[in-house]
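These are my notebook entries on one protein chain. I set down what I looked up, entry by entry.

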Amino acid sequence: MNKSIAIYPGSFDPITLGHLDIIRRASAMFDKVIVVVMTNMAKTCSFNPEERRQMICKSLAGIDNVTVECYDGLLAEYAKMHGARVIIKGLRAMSDFEYEFQMALTNKKLNPDVETLFLTTSPQYMYLSSSMVKQIAQLHGDISDFVPAAIHSDILNRLTQK
Ligand code: PNS
């Protein structure tokens with residue numbers, strides 16, 4: 001079991017600057033970070049998993065120890081398969097906490113070797129979410145302060161098309 005691998009799971013539909021901030025900080029703490037594009041059964045995505053994966057890859061310039069994969073099963077199983085002991089989660093507000101706490105306990109039950117590590121979102125991204133970004137883009141607002149520049153046009157091309 002490798003202590004220095006962490007996984008950062010999420011829907012990333014699409015990745016935001018808030019996600020990227022968490023990835024950067026996690027990459028400084030671990031030898032290797034695997035960003036895992038997963039399915040959240042409660043959400044309907046605008047981008048398919050491979051599109052989401054590619055947008056993350058495009059956003060990672062200058063961060064070398066991060067890889068990006070898609071996985072459609074249980075997070076706890078994924079961690080087992082990759083020998084990862086740490087799941088990284090970003091916490092924005094108290095409203096995130098109950099849901100994240102429930103997931104952390106469930107993942108611990110399914111895979112007792114795994115720990116969930118919460119990183120507090122940087123204050124400037126406290127309010128930011130993928131769904132907000134999508135709403136702003138769909139209504140032709142400016143999303144440039146919210147998403148990596150490398151994927152700005154990908155988002156607009158998808159969400160502002162007729
Ligand atoms: O970015 P999101 O939508 O908040 O991420 C949630 C995600 C994808 C990490 C969560 O739904 C998840 O872990 N899905 C994988 C399936 C799974 O393991 N479910 C049980 C977790 S309690």
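This is a predicted model: local features need pLDDT of at least 70, side-chain atom pairs count only at pLDDT 80 or more; totals for chains, interfaces and linings use all residues.

Residues are numbered from 1 along each chain as its sequence is written, and side-chain values use heavy atoms, with hydrogens and water left out.

**Entry 1: the chain.** I found six helices and five strands in the protein chain; these are DSSP runs (helices H or I, at least four residues; strands E, at least two), numbered from the N terminus. From the N terminus on, their order is β-α-β-α-β-α-β-α-β-α-α. I looked up the box filled by the C-alpha atoms, which is roughly 45 × 35 × 30 Å along the principal axes.

**Entry 2: the loop between β1 and α1.** I located Phe12 in this loop. Phe12 has a positive phi of about 50 degrees, although it is not a glycine. Pro14 lies in the loop between β1 and α1, and a cis peptide bond joins Asp13 to Pro14, with omega about 0 degrees.

**Entry 3: the largest pocket.** I recorded a space of about 1200 Å³ in the largest pocket. A pocket is an open set of points on a 1 Å grid over the protein atoms alone, where a 1.4 Å probe fits, with protein on both sides within 12 Å along at least five of seven lines; lining residues have an atom within 4 Å of a point. The volume is the space filled by probe spheres set on the points, which are joined across faces, edges and corners. Of the 40 lining residues, Gly10, Asn40, Lys89, Tyr99 and Met103 are the closest to the centre of the pocket. α4 gives the most to this lining, with nine residues. By class, I noted 14 nonpolar, 18 polar and eight charged residues in the lining.

Key. Ala, Val, Leu, Ile, Met, Phe, Trp, Tyr, Cys and Pro count as nonpolar, Asp, Glu, Lys and Arg as charged, and the others, Gly among them, as polar.
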